[in-house]
Amino acid sequence: MLFSGHAELTIDGKGRLSVPAKYRNQWDPTRDGAAWMCIPWPGTGLRLYTEASFNRLSAEGFGEDRLLPGEDEGELEADLFGLAERIEMDSAGRISLPKLHMELTGLSTDVVVLGARNRLEVRDRAVWAASLKDRFTRLPELVKRIEASKNGSPKDQ
C-alpha cells in the first residue's frame, strides 16, 4: 500500500485523531490487519503502520530470531517494540493516540498527517509548515546522499 499526500488535523481533547478518508479508503482490514501500529519517533512525531505491514517489516528488518540477540540489537528491539502500541480505529475512523507517545514526541494538538510510502506520519503542524520550504529545497541533495550511501560512496561526493 502506498500512502501519499498530507492532511491538516486536530487531535481532540480525548487524544483521538481522525484518520483522513483518503487513507482510510485504502485500508482493507482483511489485507492490512484490524489495527494500526503506532511508534513514537524522535525528531518527527508518530509513525503509523498497518498491522500487516508492521508485522512484515518487523520480520524482514530484524533478521533471524535468536534467544540471545547481540547487545545493541536487543536494546533496539526492547526500545522499539516496547514503545510500539497497537491501536484500533473506531467506527468514526478515529484512533486514540497513546498519551506516552504524545508526551515523548511533544506533539501539539494541531498536526499534519503525511503519507510516507508504507506508513503515515503524524507531525506537529507548526513545525512542518515552518520547515516545508527548506525540505522542498533540500530534496535533490537528499536524493544524492541516499544514492551515494547505496553505492558505498562517502556522503560528501
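First, a definition: strands are DSSP runs of E, at least two residues, and helices are runs of H or I, at least four residues, each numbered from the N terminus. Two strands pair if DSSP finds at least two bridges between them.

This is a predicted model: local features need pLDDT of at least 70, side-chain atom pairs count only at pLDDT 80 or more, and totals for chains, interfaces and linings use all residues. Residues are numbered from 1 along each chain as its sequence is written, and side-chain values use heavy atoms, without hydrogens or water.

Strand 1 runs antiparallel to strand 7 (residues 110-115), joined by five bridges. Ala7 has Val113 in strand 7 as its bridge partner.

Next, helix 3, residues 51-61. Contact means heavy atoms within 4.5 Å.

Which residues of helix 3 are buried? Glu51, Ser53, Phe54 and Ser58. Buried means under 20% relative accessible area, exposed over 50%, partly exposed in between, with a 1.4 Å probe and protein chains only. On the other side of helix 3, Ala59 and Glu60 are exposed.

What covers the buried residues of helix 3? The cover includes helix 2 (29-32), helix 4 (71-83) and strands 3, 4 and 5.
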